[in-house]
Amino acid sequence: MTAQTPIIPLLTPYKMGNFNLSHRIVLAPLTRTRSYGHIPQPHAAIYYSQRTTNGGLLIAEATGVSETAPGLPHTPGIWTKEQVESWKPIVDAVHEKGGIFFCQLWHAGRVSFPGVQPNEQAPISSTNKPLTTKFELDGIDVSQFTPPRQLRVDEIPQIVNDFRIAARNAIEAGFDGVEIHGAHGYLIEQFLKDHVNDRIDQYGGSLENRCRFALEVVEAVASEIGADKVGIRLSPFLDYMESGDSNPTSLGMYMVESLNKYGIVYCHMVEPRMNTAEEKYEGPYNLLPMKKAFIGTFMAAGGYDREGGNNAITENRADLIAYGRLFLANPDLPTRFQLNASLNKYKRETFYIPDPVVGYTDYPFLDENVA
C-alpha cells in the first residue's frame with residue numbers, strides 16, 4: 001500500500017468569482033522596465049509565458065493609464081492603440097498555456113519626474129508636497145523628485161476616466177481583468193494616506209474623503225468592464241515612498257467594507273510586516289480583520305515562502321498568495337513548491353535593468369538545473 005501524498009494547500013484549486021484556478025500561487029505584479037518607450041515588447045511574451053501554468057493567475061506589471069502616469073522609463077502603458085496592440089500577443093502567450101491574466105492599472109502620481117512626463121511638466125498628485133526619498137534606478141539618478149502639482153477638484157474626474165478607459169483597453173487587449181494599483185505610495189495611495197494627503201476639500205481630511213478618489217476609480221472601472229473582472233491592490237500598513245497613515249487598520253477596514261458594495265472579485269493586500277516593501281519585520285498588525293470583512297477573494301502578498309503560504313491558506317488568513325521575487329527567479333515556482341525543490345536566488349541588481357534577457361527570461365527551470 002503506497003503512502004498517500006500529503007496535500008499542499010497552495011496547490012489546491014480555488015474558485016475566484018468566475019475563474020477556476022488550479023492552485024493558489026499568484027504571480028505578483030512586478031515592475032521590470034523592459035517596455036521601451038512605454039510600449040510592451042515581444043520578450044514580455046516569453047517572460048510571462050514562462051511563469052504560466054494551466055489555471056494559474058498572473059498579474060501583469062504596473063501599467064500606466066495615461067501619459068502622466070509613468071514613474072520610470074521603460075514601464076508599459078495601456079492608453080494608446082499601439083500599446084493595446086502590443087499587449088495582445090503577450091496576453092495570447094499566457095492564454096495559450098491556460099493562464100488567467102490580469103493587467104495592473106497604475107498611476108505613479110508624485111513618484112515621478114519630468115523626464116517621463118509630457119512636456120517635462122511636474123507630476124500630478126493629491127498634494128504639492130515633494131518626495132524627499134533619494135535613490136537611483138535604471139541608471140537614472142532621481143536624487144530629488146520634482147515637487148508635484150496638486151490636482152484641482154475639477155481635474156479629478158479626468159483621472160478617474162483615464163482608469164476607466166485603461167480598463168476598457170485592457171479587456172480589448174485580451175486581459176481577463178484588471179487590478180487597480182492602490183498601494184506602494186502611488187497616486188491612489190497619495191489620496192488615501194493622511195501623511196501625504198493634506199487637502200482641505202472633499203478629497204481630503206476625513207477617512208471618507210481620503211478614500212473618495214480610490215472608490216470613484218473602482219466604481220468607474222467596475223461599471224466599464226464588470227465588477228467580476230476587477231481587483232485592487234492596497235497596502236494600508238506600508239510607509240512606502242513616504243506614504244504612511246496614522247491609523248492603517250481603520251483605513252484598511254474602511255476600504256474593504258466599501259469595496260464590498262461594488263462586488264469586485266478580489267482584494268490584494270500587502271502584509272504589514274513589509275514596512276519598506278522589501279524587508280520583513282514583526283509588528284502588532286495583521287490582515288485578518290480585513291480578510292474576515294471582505295466578501296470576495298482575499299489575496300495576500302509580502303515576503304511569503306512555501307511554508308508561510310501554506311500556513312496562511314490552511315489557517316484561512318488568505319485565499320491566494322502572491323509571490324514576487326521568488327516567482328521572478330523561479331519561473332516554475334508551483335512545480336518547485338509541489339516537489340519542495342530548491343529555489344533559484346533572485347538577483348536584485350538585474351530587477352530594473354532594460355535588458356530583454358538578463359534577469360528576465362534567463363532564470364533556469366528545475367529540469368534545466370537537473371540536466
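The following legends describe close-up views of a predicted model.

Figure 1. The largest nonpolar core of the predicted model comprises 85 residues, and Y48 and F213 have the most contacts inside it. Helix α5, spanning residues 207-225, supplies the largest share of this core, with eleven residues. Another core lies apart from it and has 16 residues, including I59, F102, V265 and A322. In soluble globular proteins, nonpolar side chains tend to be buried together.

**Figure 2. The surroundings of F213.** Leaving aside residues up to four places away in sequence, F213 touches I156, I159, V160, F163, L187, I188, F191 and Y203. F213 is also one of the α5 residues that take part in the contact with helix α3.

**Figure 3. The packing of helix α3 against helix α5.** Helix α3 covers residues 156-172 and packs on α5 at an angle of about 35 degrees, the two axes being 9 Å apart. The two helices form a right-handed crossing. On the α3 side, the contact involves I156, I159, V160, F163, R164, A167, R168 and I171.

**Figure 4. The packing of helix α5 against helix α6.** Helix α6 is formed by residues 248-260, and its axis comes within 11 Å of the α5 axis, with a crossing angle of roughly 40 degrees. Because of this angle, α5 is oblique to α6. The crossing of α5 with α6 is right-handed. From α5, residues L207, E208, C211, A214, L215 and V218 meet S250, L251, Y254, M255, S258 and L259 of α6. The contact of α5 with α6 contains nine nonpolar, two polar and one charged residues.

**Figure 5. The position of N310 in helix α8.** N310 belongs to helix α8, which runs over residues 306-314. The relative accessibility of N310 is 9%, and N310 therefore counts as buried, the cut-off for buried being under 20%. When residues up to four places away in sequence are not counted, N310 touches I8, P9 and L10.

Definitions and conventions: Residues numbered from 1 in each chain as written. Predicted model: local features only at pLDDT ≥ 70, side-chain atom pairs only at ≥ 80, totals over all residues. Heavy atoms only, no water. Core = buried A, V, L, I, M, F, W, Y, C linked by side-chain atoms within 4.5 Å. Buried < 20%, exposed > 50% of the residue type's maximum accessible area, 1.4 Å probe, protein only. Helix = DSSP H or I, 4+ residues; strand = E, 2+ residues; numbered from the N terminus. Contact = heavy atoms within 4.5 Å. Axes fitted to C-alpha atoms, helices over the stretch in contact; angles between N-to-C directions. Parallel < 35°, antiparallel > 145°, perpendicular 65-115°, else oblique. Left-handed = near helix turned anticlockwise from the far one by under 90°. Nonpolar A, V, L, I, M, F, W, Y, C, P; charged D, E, K, R; others polar.
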